[in-house]
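Opening the notebook on this one.

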Amino acid sequence: MASEINYAFKVIFSACEELNFMERMGILGPRGTHSEAAAVKLNETLIKKFELVIFKEIFEALNAVEENKVDAAFVPVENSLEGSINITLDTLAHSDFIVTRELIYPVHNFLMAREGVKLSNVKKIFSHSQPISQCRNYLRKNFPNAEIISTPSTARAAEMVANSEIAEGYAAICTERGGNLNGLKTLAKEIQDNTANRTRFLEVRRRPKNFNVCQMHGDKNLIICQIDGSKPGALYEVLGEFARRNVNMTRIESRPARTELGAYIFFFDLEVDNFRRLLFESVEAVRRKSIWLKNLGIFPVIRV
């Protein structure tokens, strides 16, 4: 009996210890957005879960990491249809962060309304501008006369529809979770024009004092650098460092350096294979050709 009690205390103590040391991760809110749904899905893949802390803007979530208010931030960086999330890229370039995980999350858009509203009497459709764009063909075909209204988030759209009168014929394009949280019912599911629509999310943390990228493991390496744009062939020379060593570059993106007109910084996603030495050699060669270079680390890519 005593041993059973001791075991029970150990289980309780272990659970409390895990709870006390649960890391906090900032995400873009409110509850019910695609970002929250992706963060919930990420938590499902992890042994050690995060406590999710909601922020109103992506910059606020990233700034909370910098100010040590949360341990990590989980932010969108690119959508397969709408392109890059510029605020994420710009903040990564001008802050001292590393990336420790990537999640590729399939986008699911639902048309949801209050109980009693039918497809045939939908008059106004609310959503964030991105889902509206992602469902443009569906809306044109099925609701040519409906008024389409942009909102700050899909969660806000669901909230507005929940507070409407049935006779008004309001509907929201939102996540299923966002609709359910507001008591809405599904009128149509998976209404996005492209079923291959995906959003990439990055888990971002403060850079440790003794950061060593060589000790990291994963599928991808992200580097950011600024090169001398006034020098002819400067970008060509940088790309050549990767090509000569057979380092596969899966993505390149440019953003204004915000120093002067015509100055740009570049983001490179590099594939990590068994020949890590060649990868590190290429990055160091690019560093020598750059005004500055940041290596944000090697990290795993999770596909759900």
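**Sheet and helix notes**

I started with β7 (124–127) and β8 (147–150), which pair in parallel over four bridges. Pairing here needs at least two DSSP bridges between two strands. Strands (E, at least two residues) and helices (H or I, at least four) are DSSP runs, numbered from the N terminus. S127 sits opposite S150 of β8.

Before going on: this is a predicted model, with pLDDT of at least 70 needed for local features and 80 or more for side-chain atom pairs, while totals for chains, interfaces and linings use all residues. Numbering runs from 1 along each chain as its sequence is written, and side-chain values use heavy atoms, without hydrogens and water.

Next I traced the whole sheet: it is open, five strands, mixed pairing, order β8-β7-β9-β6-β10. β8 and β10 (185–188) are the edges with a single partner strand each, so one side of each has no neighbour in the sheet.

Then I checked α7, which packs on the sheet and touches β6, β7 and β9 (contact: heavy atoms within 4.5 Å). Its direction makes about 160° with that of β9 (lines fitted to C-alpha atoms, for helices over the stretch in contact; angles from 0 to 180 degrees between N-to-C directions).

Which residues of α7 are buried? I get T154, A155, A157, A158 and V161 (buried: under 20% relative accessible area, 1.4 Å probe, protein chains only).

Technical notes. Buried < 20%, exposed > 50% of the residue type's maximum accessible area, 1.4 Å probe, protein only.
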